[in-house]
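Subject: A structure for you to explore

Hi there,

Here is the structure I promised to pass on. Please open it beside this email and follow along as you read.

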Amino acid sequence: MKIEGLPIVIDQKAKIPIYTSLRELRVNYQFGVSKIEKFFNGLREGVVYASKCRSCGETYFPPQADCTKCRSSDIEFLKLSGEAELETYTIINIKPSTFAHYKDYVVAIGRLKEGVKALAWLEVDDPSKIRIGMKLKLEAVKREPEGVYTYAFKPCGDGDA
Amino acid sequence: MLPFVSWGLFMRNVAIVGVGTSRFGVRNDVRIDELAWESVKDALNDAGIEQKDVEFCSVGTFGSFNAEILPAVLCCDYCNLRFKGTLRTEAACATGSAAFFTGFNAVASGFADIVLVLGVEKMCESPTPVAVEFIGRSANYFWEFENFGVTFPGYYALHATAYMNKYGAGEEDLARVAVKNHYYGSLNPKAHFRNRISIEEAVKSRYVAWPLKLYDCCPISDGSAAVILASEEAARKLTDTPIWVRGIGVSNDSANMSRRSGFTSLAAAVDAARKAYRMAGIDYDDPLRYVDVANVHDCFTIAEIMAYEDLNFAKRGEGYLLLREEQTYIGGKIPVNVDGGLKAKGHPLGATGVGMIAELTKQLRKQVENGRQAPIAKGNALAHNVGGTGHYCYITILSLEKPKWGG
């Protein structure tokens, strides 16, 4: 029940007055990506890059432009083979407000041949066929309906999922 | 790292001399400052002090859910605590313990003799899907949320999947955590949930983030908790039963889940436990010889099971067996979350860690409600407060006995 002339409604369940703010806030944050621009351009070209320190050999995924182990910033972008093994996964049934327009999605962590791990969606038709340890492929994909490139795991091998 | 003997050279003993807790739950009857006052008033009364006696205020609030951006100033103002000095801490779900740690340091260092620690959170000011969004963003937003929308239950579900696959625990084993904590919540008048549940009800509830279901998850709650800390000299004037801080261990891990070594344990919790035990003079190989009662971070049922193992209450892969044998109920080897835990008492992020300290102080003083008082024989209690999914961890050990390291 709304009270005339006030931003207050009486909550039907709790029978208490609730004041709703008049000042709605909307924000889209901005990120500086100049140091890892090649990673994003790679996705458009169908490549998923990690970064590798030319000085000490440390590999980073997600890629980072500074090797914070040996303090060198002499890094190269390394094309990942995409070959991975499933370490663990979940299915997001109750979604955050900004993901409400997607069907339930599988979030997986896969260990890549190069030794690093990645967290990404696992695109499968039937989640009941997912098994820990199964072989996966990490690929650049276009996410709809936004139409932007990202990366995802897909099952590989005998089409077992 | 400092050798063990160094603590006493630099630090004073710190005692808890007053505690207070609001009722946890959907508290849309009050604003955040009014909610803070509920616990601050109780803590001041419990300590028998006036606001003028307080020299510093450490306030834990995660924020985002709530319109107020400066909760420390706002709540101190409402509580008539101006011209003290204050700040707000953030350590995700361990925000309250971070506030406690900050207050502890202010007293231990000699900066202040009496400090108020307040933990307060008003999560229900945001609609539930927005609250789910804020909590899900609380890791590495750019790399793991922006494109993949992992929720907080999702992060713990990644651990549940791995744990169940490796050790053979079933969904009923997870449900046993919820059944126990709802049972004790039913005995706690300040708990968000007061209903008892069965394993059958729990396993029938709907999936939130497979394999975790609704009854595997703590609620989104409002609440506040407050603790008054005092130096040894100040504490002796205020109480005959000071509760001493015997040890604190803190740690942090990678923001990205993809940079974790495994998913059946929280490495930050193991690290914090080792540090806290070391400071408290507790043997990591046999903590149950020292600890009477514990509050562990059961934001999800799997988290309580991993906590048993990370704290070495149980061997690796055997945490869920403690529940099958009811060893974490009162009467068992180690009563855990006998206030209802996050699962039933509720999890107002900033209030949770301070609430654990308030609860364990009352346990050691033998002041809790009938049916949920743990036997106190060894005189030590442990609070295990995880921030995020093992992003932060704070472990605090309280004692009836004055620590040997304090100067």
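A salt bridge here is a side-chain nitrogen of Lys or Arg within 4 Å of a carboxyl oxygen of Asp or Glu. With that rule, B:Asp53 and B:Lys52 form a salt bridge through their side chains, at 3.4 Å from N to O.

Some notes on the source: this is a predicted model, in which local features need pLDDT of at least 70 and side-chain atom pairs count only at pLDDT 80 or more, while totals for chains, interfaces and linings use all residues. Residues are numbered from 1 along each chain as its sequence is written, chains are lettered from A and ligands numbered from 1 in the order in which they are written, and side-chain values use heavy atoms, with hydrogens and water left out.

**Salt bridges**

Side chains of opposite charge can pair when their charged atoms come close. How many salt bridges does a search of the whole structure find over all chains? The search finds 36.

To describe where they sit, I call a residue buried under 20% relative accessible area, exposed over 50% and partly exposed in between (1.4 Å probe, protein chains only). In the pair above, B:Asp53 is partly exposed at 26%, whereas B:Lys52 is exposed at 65%.

B:Lys190 and B:Asp42 also meet in a salt bridge, at 3.9 Å from N to O. This pair links distant parts of the chain, 148 residues apart: B:Lys190 is in the loop between helix 8 and helix 9 of chain B, and B:Asp42 is in helix 2 of chain B. (Helices, H or I with at least four residues, and strands, E with at least two, are DSSP runs numbered from the N terminus.)

Another salt bridge joins B:Asp222 and B:Lys122, with their closest N and O atoms 3.8 Å apart. Here B:Asp222 lies in strand 7 of chain B and B:Lys122 in strand 4 of chain B, 100 residues apart. Are these two buried or exposed? B:Asp222 is buried, at 0%, and B:Lys122 is buried too, at 3%.

In chain A, a network of salt bridges links A:Glu87, A:Arg111 and A:Lys117.

**The sheet in chain B**

Strands of a sheet pair through backbone hydrogen bonds, either parallel or antiparallel. Two strands count as paired if DSSP finds at least two bridges between them. Chain B has an open sheet of nine strands in the order 3-2-4-7-1-8-11-10-9, with mixed pairing. Its edge strands are strand 3 and strand 9, each pairing on one side only.

Strand 4 and strand 7 of chain B run antiparallel and are joined by nine bridges; in this pairing, B:Ile114 stands opposite B:Ala230.

Now look at strand 10 of chain B (residues 380-387). Eight of its eight residues are buried, so this strand is largely enclosed by the rest of the structure. Strand 10 runs parallel to strand 9 of chain B, with three bridges, and antiparallel to strand 11 of chain B, with eight bridges. B:Leu382 is the bridge partner of B:Ala294 and stands opposite B:Ile397 in strand 11. Strands 10 and 11 of chain B form a hairpin with four residues between them, and B:Gly388 in the turn has a positive phi of about 65°.

Elsewhere in the sheet, B:Ser58 belongs to strand 2 of chain B and is buried, at 0%. Its contacts (heavy atoms within 4.5 Å), leaving aside neighbours within four places in sequence, include B:Leu87, B:Ala99 and B:Leu116.

Enjoy exploring!
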